Amino acid sequence: MSALPVPAASLQFCLYVAVPLHANSTTLLALEELRNLGYVFEIEIIDITSDPARAETDRVIATPTLVKLSPLPARRVMGDLSNVPHLLQLLQIS
């Protein structure tokens with residue numbers, strides 16, 4: 001696999017889930033792969049079963065939903081997050 005470019009700015013994500021994440025979940029494994037590729041990010045994980053008002057306010061309709069908050073523009077990805085190159089493309093991270 002070819003090396004992916006790493007952004008200069010750090011990233012900020014918000015991850016909405018409906019159940020507690022396990023250490024081997026595909027979502028966490030994909031995020032760990034981002035770190036292994038050299039991406040620097042902060043992430044807030046929100047369990048919408050514990051905070052349904054937040055999900056409603058943030059207009060989250062499916063889980064998992066990963067939201068890139070910064071750098072702008074904000075981007076949302078729902079569903080399977082396991083394909084990291086595709087995830088980077090969807091989040092417009094270069």
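Trainee: In what order do the four strands form the open sheet, and what is the pairing?

Mentor: Good place to start! In this predicted model, the order is β2-β1-β3-β4, and the pairing is mixed.

Trainee: What makes β2 and β4 stand at the edges?

Mentor: Each of β2 (41-47) and β4 has a single partner strand, so one side of each is left without a neighbour in the sheet. From one strand to the next, the twist averages 20°.

Trainee: How do you know that β3 and β4 pair?

Mentor: Two strands pair if there are at least two bridges between them. Four bridges join β3 to β4, so they count as a pair, and they run antiparallel. As part of that picture, T65 stands opposite M78 in β4.

Trainee: Which strands does α1 lie across?

Mentor: Helix α1 lies across β1 (11-17), β2 and β3, and runs at about 170° to β2.

Trainee: Why is T27 called buried?

Mentor: Buried means under 20% relative accessible area. T27 has 7% relative accessibility, so T27 counts as buried.

Trainee: What is T27 in contact with, leaving aside its neighbours within four places in sequence?

Mentor: Those contacts are L15, P64 and L81. Of these, P64 lies in the loop between α2 (52-57) and β3 (65-70).

Trainee: What kind of peptide bond joins T63 and P64?

Mentor: A cis peptide bond, with omega at about -5°. A cis peptide bond also joins S70 and P71, where omega is about 0°. P71 lies in the loop between β3 and β4 (75-78).

Trainee: On to the backbone angles: what is the phi of R59?

Mentor: R59 has a positive phi of about 60°, although R59 is not a glycine. You will find R59 in the loop between α2 and β3.

Trainee: Why is R59 called exposed?

Mentor: Exposed means over 50% relative accessible area. R59 has 69%, so it is exposed.

Trainee: And where is Q92 placed?

Mentor: Q92 is in the segment after α3 (84-90). Q92 is not a glycine either, yet has a positive phi of about 55°.

Trainee: What makes Q92 partly exposed?

Mentor: Buried is under 20% and exposed is over 50%, with partly exposed in between. The relative accessible area of Q92 is 46%, so Q92 is partly exposed.

Conventions:
Residues numbered from 1 in each chain as written. Predicted model: local features only at pLDDT ≥ 70, side-chain atom pairs only at ≥ 80, totals over all residues. Heavy atoms only, no water. Buried < 20%, exposed > 50% of the residue type's maximum accessible area, 1.4 Å probe, protein only. Contact = heavy atoms within 4.5 Å. Helix = DSSP H or I, 4+ residues; strand = E, 2+ residues; numbered from the N terminus. Axes fitted to C-alpha atoms, helices over the stretch in contact; angles between N-to-C directions.
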